[in-house]
Amino acid sequence: MQRALPGARQHLGAILSSASVVVKALCAAVLFLYLLSFAVDTGCLAVTPGYLFPPNFWIWTLATHGLMEQHVWDVAISLATVVIAGRLLEPLWGALELLIFFSVVNVSVGLLGAFAYLLTYMASFNLVYLFTVRIHGALGFLGGVLVALKQTMGDCVVLRVPQVRVSVVPMLLLGLLLLLRLATLLQSPALASYGFGLLSSWVYLRFYQRHSRGRGDMADHFAFATFFPEILQPVVGLLANLVHGLLVKVKICQKTVKRYDVGAPSSITISLPGTDPQDAERRRQLALKALNERLKRVEDQSVWPSMDDDEEEAGAKMDSPVPSDKAPTLPGKGAVPESSLITFEAAPPTL
């Protein structure tokens, strides 16, 4: 353990040294608030449902709850989440868009979580859900990062045995957290934060994130039903379409618009808003990589003839009789074309 710590510190230092200002600032804020918790009570930085809404209106907690951690392992998860987002998402989006994504997800998690506990209080009249529950930590942003990775590199394999792709990791982790909650090993605010992080990040990336060719991502592989197993996708897709139609009617979401380029020289070009050229290039590279791997496997399985086989084949050709110039003919028939596999001979005359 002591030998591994210096290497881990050196590796982490190298990552942070090449990171952007946004990633460094978020990591520094997480460490600062964690150290501050040893000196003062940082409970006022977490979202408490009873204090978020009027008359208290602790609005600042929407910006600070995602950076506040109380345990060292939570700090490690938070830092790892920010670093992964900086390494994988920031090159595609830019530092400013990563900061916007972080802010949107955390504010949405705070608002949705507080509203959910408010509804729970209205159903149970238990004040614990208003003034004892504290929503904080990076699990909400972790859910958002996993959804973004599903969008950008969902075909990548995380585990080979058993084979697990990035596209199924968000729901697998949600199921794991649900099992931990049922076993009373996890508190409900953590599960709520992760779940609302999944939902809010998908809504933002699906409908509102700005691209060079519009807003959102209307690709089929990023539909809401694709987060669920295939057996449930038809039912989930039907419900999702009904909800989307309702949101379009109240003008919260925009209806999908198709553009037809009839002036294209070869054929009609159909483009959807939110489809980015980087995503198309990523899919092209993945297809090329899969093709190269398949060709390599075919070459490895094929057996190339050796020099000895070539010599034996040449000797066999020299020993074989030289074929005649004319092809054999049958009585009453024309000349039969030569064949390297089948030979013809004249039938004996009948008596």
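Predicted model: local features only at pLDDT ≥ 70, side-chain atom pairs only at ≥ 80, totals over all residues.
Residues are numbered from 1 along each chain as its sequence is written, and side-chain values use heavy atoms, leaving out hydrogens and water.

**Whole protein**

Colour by pLDDT, the predictor's confidence in each residue, from 0 to 100. The mean is 81, and 73% of residues reach 70 or more. Select helix 7, residues 95-124: confidence is highest here, at a mean of 96. Now go to strand 5, residues 259-261, where it is lowest, at 49. Move on to residues 264-269. Here pLDDT is below 50, and the stretch has seven contacts in the model beyond near neighbours in sequence. A contact means heavy atoms within 4.5 Å. Then select residues 322-344, where pLDDT stays under 50. The model gives them 15 contacts beyond four places in sequence.

Of its 351 residues, 31% count as buried, that is, under 20% relative accessible area; exposed is over 50%, and partly exposed lies in between (1.4 Å probe, protein chains only). Among contacts with a separation of 6 or more, 61% join residues 24 or more positions apart.

**Helix 5 and helix 9**

Select residues 72-88 and 139-153. These are helix 5 and helix 9, which pack at about 25° with their axes 10 Å apart. Axes are lines fitted to C-alpha atoms, for helices over the stretch in contact, and angles run from 0 to 180 degrees between N-to-C directions. The two helices are therefore roughly parallel, a label for angles under 35 degrees.

Now show side chains. From helix 5, look for Ile77, Thr81, Val82, Ile84, Ala85 and Leu88. They meet Phe141, Leu142, Val145, Leu149 and Met153 of helix 9. By class, this contact has ten nonpolar residues, one polar and no charged ones. Nonpolar covers Ala, Val, Leu, Ile, Met, Phe, Trp, Tyr, Cys and Pro; charged covers Asp, Glu, Lys and Arg; the others, Gly among them, are polar.

**Leu174**

Last stop: Leu174, in helix 10, residues 169-182. Is Leu174 buried, exposed or partly exposed? Leu174 is partly exposed, at 23% relative accessible area. Beyond four places in sequence, Leu174 contacts Leu191, Tyr194 and Leu198. Draw a C-alpha to C-alpha line from Leu174 to Leu191: they are 7.8 Å apart in space and 17 residues apart in sequence.

Conventions
Helix = DSSP H or I, 4+ residues; strand = E, 2+ residues; numbered from the N terminus. Parallel < 35°, antiparallel > 145°, perpendicular 65-115°, else oblique.
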